[in-house]
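This report describes the strand pairing, the nonpolar cores and the aromatic contacts of one protein model. The sequence and structure are shown first.

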Amino acid sequence: MTDFLPPSGFEEALRPPVRPSRARITPPVLGRTGGRRQAGARATLARVVRRAPEAMVKITGKTRDAGHLARHLDYISRNGRLALEGPDGERLAGRAEVRELAGDWGAELSAEPVRRRGAVSMSIVLSMPEGTEAFRVEDASRAFARRVFGDRFDWVMALHEEDRHPHVHLTVRMSGRGGVRLNPRKADLQEWREAFAEALRERGVEAEATPRRARGVVRKSERTPVRKARERFEAGGGPMPVVLAAALREAVREEDGVAVWERRALERQRLVRRAYVAEALALARSHDPAERELGRAVEDFVRSLPRPETRRMRLHREMAELRDRRGEATRSPDRELRGRSR
């Protein structure tokens, strides 16, 4: 089998949106080094075209004091029915132990002057799609927490598997050893996704942590508060979210009014797709049947990618389609016949 040497275009498709070197919290050993990218390029490409599930690592909030933390820990422990696991494997069972932990974490912060106080803890959710075995998600989450936070930050975790997809609630103490504060950057979040996906693969779960551009996606996903507000509005239970109203006003512009950032995003997607096509052609010329098969899979993958579209472009299209439907509904049969007879 020949060595797989990814061209610069394909490497660009997998490049994280923020440089790994800008990570503040994540240990350097977890960074996506050039050697790791080169060595795993073939496997990554194969997972991408197979549409391997994307590992999700999401910061869901912070707790501001011991009481707030206690309520959060009550929620993730199901009021003490689920044991919370810590870095050394210790398990906290029952509401009394959970409340004691919240008091310990919050005590140090309460001694600080009000103007200098920060958050007590950060809440993180690690999840995989429905069908993933829950015990593997839990084991990978445990490994992720130990790799990323080590002995620098205290943490507790709990597995929830009664929902549609298994997920782990990870609560990390913001105040670390040596006076370090947990303040991740965007680069850290991408590194966390990489670390979680790698931990899952080590446990037999196919997972990836690719940027949107590698999957043919231009639009950013909705933030949770915006999505919930939109769903309430669509169900008739609340006002139109300000963000949605602004997006609709933006969408009424003509296509000629496409913003500079939209043009750049669409051009980037064009280059990414061209890189995939170039890689498919290169693999098709290989003497190795496995590589030729991968080339055909890449070609099929490119053909199946969605049309590049920003949120403004999608809203613009949907509004135009709605106007067309309303126009057809108000057109009377008599007027239609008169129009045809002319």
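## Basis and terms

A residue is called buried at under 20% relative accessible area, exposed at over 50%, and partly exposed in between, with a 1.4 Å probe and protein chains only. The model is predicted: local features need pLDDT of at least 70 and side-chain atom pairs count only at pLDDT 80 or more, whereas totals for chains, interfaces and linings use all residues. Residues are numbered from 1 along each chain as its sequence is written, and side-chain values use heavy atoms, with hydrogens and water left out.

## Strand β4

Helices (H or I, at least four residues) and strands (E, at least two) are DSSP runs numbered from the N terminus. In β4, residues 121-127, seven of seven residues are buried. One side carries S121, S123, V125 and S127, the other M122, I124 and L126, and both faces are covered.

Strands pair if DSSP finds at least two bridges between them. Seven bridges join β4 to the antiparallel strand β1, residues 56-63, where K62 has M122 as its bridge partner. Seven bridges also join β4 to β6, residues 167-173, again antiparallel; here V168 stands opposite L126.

## Nonpolar cores

A nonpolar core is a set of buried Ala, Val, Leu, Ile, Met, Phe, Trp, Tyr and Cys residues joined through side-chain atoms within 4.5 Å. The largest has 33 residues, and I124, F144, F149, L170 and F196 have the most contacts inside it. Two or more residues each come from β4, α6 (134-149), β5 (155-160), β6 and α7 (186-202). Helix α6 gives the largest share, eight residues.

A second, separate core of 14 residues includes L45, V298, V302 and L305.

## Aromatic pairs

Rings of Phe, Tyr and Trp (its six-membered ring) pair if their centres lie within 6.5 Å; planes under 30 degrees apart count as stacked, over 60 as edge-to-face and the rest as tilted. The count by this rule is six aromatic pairs. F144 and F196 form an edge-to-face pair, 6.2 Å centre to centre with 70° between the planes. F144 belongs to helix α6 and F196 to helix α7, so this pair ties together parts 52 residues apart in sequence. F144 is buried because its relative accessibility is 0%, and F196 is likewise buried at 0%.

The ring centres of F149 and W192 are 5.5 Å apart with planes at 70°, so this pair is edge-to-face too. It links F149 in helix α6 with W192 in helix α7, 43 residues apart. Ring pairs join F144, F149, F153, W192 and F196 into a cluster.
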